[in-house]
Every structure is written in structure tokens, then in C-alpha cells.
Amino acid sequence: MKTTESHTNLTTPATSGSKLETSSTVDVFADAKILIDSRDSALGLHLRELWSYRELLYFLTWRDIKLRYKQTVLGATWVIIQPLFTMLLFTLIFGKLARMPSDNVPYPLFAYAGLVPWTFFSNAITNSGQSLVGNSNLISKVYFPRIYIPAGAVGAGLLDFAIASLLLGPMLFYYKISLTSQVLLLPFFAVLATALALGVGMWLAALNVKYRDIRYAIPFLVQLWLFASPVIYPASIVPPKWKWVLAINPLTGVIEGFRSAILGTPLDRTSALVSVIVTFIILVLSFFAFRRVEDSFADVV
Amino acid sequence: MKPIIAVEGLGKRYRIGAQSHNSLRDAVASLVRSPFRTFRSNGSENTIWALKDVSFEVAPGEVVGIIGRNGAGKSTLLKILSQITRPTEGRVALNGRVGSLLEVGTGFHSELTGRENVFLNGAILGMTRVEIQRKFDEIVAFAETEQFLDTPVKHYSSGMIVRLAFAVAAHLEPEILIVDEVLAVGDVEFQKKCLGKMNEVTREGRTVLFVSHDFNAVNSICERAILLHQGSVAMSGVTADVTRYYLDHSNNMYSPITWSPRPDDSVDEVSLNSVNILQNDLATSAINCRDPFIIHIDYLIKQPLRGSRFFLIVRNAQGEVVFTTSDYDVMTTEAETRRPGRFLSRILIPGGLLKTGGYYGSLGLDIKDDRVVFAADDTVHFDVFEPEDDTQATRHRRPGAIAPLLSWQTTELSK
């Protein structure tokens, strides 16, 4: 502030030319369409605004899908390759070498049915966790509900999820397993997986803006989470003493549920219910947390 | 009439320095060090007010220019009005949809085609799909990019990207349009078209906030202007009055302009004491384009540097090098021997040469065919303005990096 002394020359602004008539300012602020107030507690959820921007979710999802496979040689084939090769690897190591039990289902089918929701979930939280930082130019230049950025990243994974699921058809045919009426539960578990991915993804994305360490923590988290979920092994081999650990992991219900919907194996209602409750809690908490901090993203990103 | 924008006591404080915890370790460490202090309460020493106690109102249909030097708080104000960042104090009432054009092409993705980018950008700016579809042909026609619609934007020229981006934003039809420095880019023809479009927008009764340091552009489209200085409203009123006020007071507002050296502007062999600009014997950084001005460089030579040469590179706001000058061009005894001591170099830059706009000067010293002794980027900054709006002023709008006033001697050779 070198020029404070010269600033005194400027303190008598001559205001002229304004077309405004004197208006009582209280009025203006009371019935403004958009009110920006520093004293706003920021706890309002602005759901109406979220709704008015709903098409942006579609566009951001569409953008993420378009961009993902541009300039890749194999394109969308990667969607199948990733879980397929992991399945082959798991079959070789855990199915053949370690002789992992698989609830009387051929191990490759068992592994693939678990890998499809797992791959979706792990990609979704990784991508949405990075999404805010990756879109920093947008965040610092244009206003829109920021929640659609991580949501779009999760949404883009849904297409991959659907494509990867299609391969289950030929596999079921090969192993001569027919679908039961339980397959009707499939959409329910897909929605549950999406909600969980969104809850975790939003939270990671918001944390990542402030603490860039999260970027390095995400791969580690994903790796740990894989072993804490019944993807490689069935929940049934976990000793009863440790069942609760698996049960509070909301992904257990999702993966086991997805598997029984496809394979027609008995559904563990308790773990599904726990998963629904935990997912709901995570989603609500993370939504509120995100809304509370989103105003400051532009200043820190 | 009820104002469409009402701003009351607006202020924005930024934290500067290493106070914000950008890694978890720092956050944990500071929590351990002072567990009873919350994260928010930082000492006031590391904060600056980018905006302080700003109040104004804008009536529907008004076109208001926001002017001020870099760092006056223009972009912070716009960021608050377009809800990108929250104010620290004060409040704003907006009675209509806000479309902001803080930087054209934001959200354009180089891998996507022109068509795809129009839809994506439109959605980001708040348009619905139906709305974009309805205006699509108009947008493309305005941008003159019909034949490249299905080409990825990465193959576009920068001018084409700007045209397309402006076209999308101009067709947004918000009640309040915020435009920031868009006209600094693109060719003259397109600039005219943009100004025309903005006039059309205002005829339809929409409100425009136009932010620029190009007085000519502000003068031609805004009836009213607000001058920001050091985060506060210095003057508000009819555009012509405000620009005149700004030019009259620019010396008071910005003098004495002396750039103190930063730690890296000093090496073992040479160090920079100060750089300042004088026009008509006044230290200033607002340069009247008609008159010559002098750049003073005060430096210390610590060791003999035979064969060395000082150079000054001047870039315009678009980052293009306008010229490079060196004391090697017109050799002096000082330059030849470069003996130790304190020296003052004066560089005289003639009037009637530069175009209006912002300029940045980088200083350096090198030894021919050997090494760069030191280089200090963007040490000098000055704004060139045109004092009068007359026929001579039109030269600033012609293509070209400079706008020299040259003499044309014309003699009649035959009848």
C-alpha cells in the first residue's frame, strides 16, 4: 500500500449519470432472485438450483465418456479387457493355485460377477476423487453446482459397468447356469453401487481440493478396499468372529448382492440391509460436507 | 426502477503466503502445535483485501463498464458476482440469470469437436439442451466456423476458438451478462462484430457489466462506468467523466512507480536497484501514447563484465514481443567496459509508437555468445492509453503490434 497518501485525492467520488432512482436497499435484498451474502451460513442445500442445472450432469457424463476413449487404439474394448484379464489372473492364482472356495460356483464366473461391480466402484471413486482438481480451470472461471463434476465422473463409469455386465451372458451360457427371478434385483444393486461410489467419490474429491495428499492415498485405499471386500473370496469363508468387519463394509452387500442376483445363489438379506443403511449415511454426510465446502473451491483449487 | 444488481459493503479477503494447508501433514502439524486454535483464525498479517467496502447499483438495461488497473479488484468483483467465489463481507442481490464470460473458451476441450464443444460449453454456462439446439445454427453462423464443426478443436486456430466461444456465450441470453476482456483477442473484424452483438444484447433490455482496461472499448459501449482502485470504488458516473478522471488522476493513483527488485533480481556480478518510468518529468505507469517516455534502470555492477549487454524485452498483454532493445545497439563507453559501480540507464521510447494496452518489460544482462548473467521477467509494467478520441485514435484498432504515427509525404507528380 504505497499510495495511501495519494488515495485521499480520490475519496470524493462524484456520482452522476445513474439512471437509478433512490430505492430502499432493504427491499432489494429481501426479494432478490439470487442473494449472495457473506453471512450466509452456507448450510442451505439449494436443491432448486441443483435441479435447474440437471442437464449439466448429462453433459459432463457424456464428456467424460467421449474423452475417455479418444486417442486409444482399443477404445471401449478396455471396458471388457480390464475385468476380464483380472478375472483370468484371479482364476489362475486364487482359483487354481490357492484353491479358493467359491460357493459351488465355477471360480471364473464367481470372480467375474464380483469384479464387475468392483471395477465400476474402484474406477468411479478414483475418477471422481480426481475430478475437481482435474477441472480446476472450470471451477475457477464459471459458476455451476460443483457437485455435478464428481457425479459426472461416477455417471461415466455406469456405461462401462453396463458393457462389462453384458459379458456375464456368454459366461452363464458356457457354464450352463440359468438366470433366476433374482436377476430382477440387479438394478437395485446397481443403484446401490452408484450411490456408494457417489458418496465416497464426492467426499474424496472435496478433500483432494484442499489436501493434495489424497491423490496418493486413493490408489492405496482402493487396494485395501479390494482385500476388505468379498471379491476374490466368498463372504462365507470369513470366520464368524470377523463377520462384522465385512458387514460394516458397505461394499460387501453390494458385491454379494450383485453376485446372487446374477448366479441365483441365496441372498444375504442382513448384509444387503446393512449396506443400504451405511451407504445412505455416507451419501447424506458427504453431500452435506460437499455443499458446505464447495464455495471455497475456487479459492484453493 | 428497481435495480437488477445491488451490491452493498462487499469485501473479499485473501490469505497470502503459505498459510493454507495444502497438505495433510501441514494441517496435522499445525493442529499439534496449537491445538486450541481453529483452522480459520489466521493472523491478519498474511491476508490482503482484494475488495473492500464496495457498493453500487445497476438498473436493468444499463451497460456499465468496470475499469481499473490490474490488481484493482476487477476480477475479484466479477468472481463474486458470478458466484465463483464467496465474499468475506457484504452482500449482493441479483434479479436475473447471470451469464459470465470470465474467460472465453473455458470448458472447451481440445479433443472434442466444435459441435460437441458448443453443447458442452452451453450447458456449463447454464443453457438447456433444447435451448442450445434452437440456437445452434445461429451460434455457428456467428462464429463463422461451419465447415470445421466436426473437427476436434485442437486443430482450430486460436482465433476460431475465441469466435466459437464468444458466440456460445453471446447467445446465452441471460438477464445479466458479465464480459471480461473478451475483445482483447480476435481480429478487428470480429471485435466489431462482438461489440455489435453486445449493443444488440443491450437493446433487448439486458444488463451488461463490461470489464476492461481498454478505455476505447468501454467508451464506445458503456454509458456508465465504475472505477476501481485498490479494491474500492474510486469514482462512478458517466463513462467519459470516469475515464477523464482516471487519466487525470492516474499519476496520483500510481506514483511513484518504482519497482523494487526481488531477491532473484540480483546475482554476484550485478544487482538491480530500481526501475521506474517517467513521462513529462512525472513518475507514472499510465503512459499517454502521444508523448515520449523514459524507462530508468538503476543498477549496480559488482565485477567488470566486458562485452556484456543490457537488454529490455517489451511484451504486450497478449504476450507477444513488441520489441527488444539493448545498449549494445548504440555503443557507449559504459557499455563497452562495464566497470564496477552504480549506474543509471535511461531508455527513451518515442511517442506515437505503441498501441494502447498493457505492457510488460523484462530486463536482463548477457554476454554475447557466452551466457546470460541475469534476467528478470516482467520487472516493468505500464499501460498505454489514448488521451483523445479522434481520428488518430483509430490507428489502435488496426491490425499490427504497434501503431506508429508516421509521416506521409505526398507530392503531386503529374496532373
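B:Arg97 is partly exposed, at 29% relative accessibility. Here buried means under 20% relative accessible area, exposed means over 50%, and partly exposed lies in between (1.4 Å probe, protein chains only). This is a predicted model: local features need pLDDT of at least 70, side-chain atom pairs count only at pLDDT 80 or more, and totals for chains, interfaces and linings use all residues. Residues are numbered from 1 along each chain as its sequence is written, chains are lettered from A and ligands numbered from 1 in the order in which they are written, and side-chain values use heavy atoms, with hydrogens and water left out.

B:Arg97 forms a salt bridge with B:Glu131, with the closest N and O atoms 3.1 Å apart. A salt bridge is a side-chain nitrogen of Lys or Arg within 4 Å of a carboxyl oxygen of Asp or Glu. The pair links distant parts of the chain, 34 residues apart. B:Glu131 sits in helix α4 (residues 129–143) of chain B, and B:Arg97 in the loop between β4 (89–94) and β5 (98–101). Helices (H or I, at least four residues) and strands (E, at least two) are DSSP runs, numbered from the N terminus. B:Glu131 is buried, with a relative accessible area of 13%.

The whole structure holds 18 salt bridges over all chains. One of them pairs B:Glu116 with A:Lys66 (2.5 Å, N to O). B:Glu116 lies in helix α3 (residues 114–124) of chain B and A:Lys66 in helix α4 (residues 54–68) of chain A, so the pair joins two chains. B:Glu116 is buried at 10%. A:Lys66 is partly exposed at 30%.

B:Lys154 and B:Glu111 also meet in a salt bridge (3.3 Å, N to O). They are 43 residues apart. B:Lys154 is in the loop between α4 and α5 of chain B, and B:Glu111 in the loop between β5 and α3.

## A buried aspartate

A:Asp37 lies in strand β1 (residues 34–37) of chain A. A:Asp37 is buried, at 13% relative accessible area. Leaving aside neighbours within four places in sequence, A:Asp37 is in contact (heavy atoms within 4.5 Å) with B:Arg86, B:Gly90 and B:Arg91.

## Nonpolar cores

A nonpolar core is a set of buried Ala, Val, Leu, Ile, Met, Phe, Trp, Tyr and Cys residues joined through side-chain atoms within 4.5 Å. The largest has 71 residues. Among those touching the most other members are A:Leu56, A:Phe144 and B:Phe210. Helix α5 (residues 158–170) of chain B gives the largest share of this core, eight residues.
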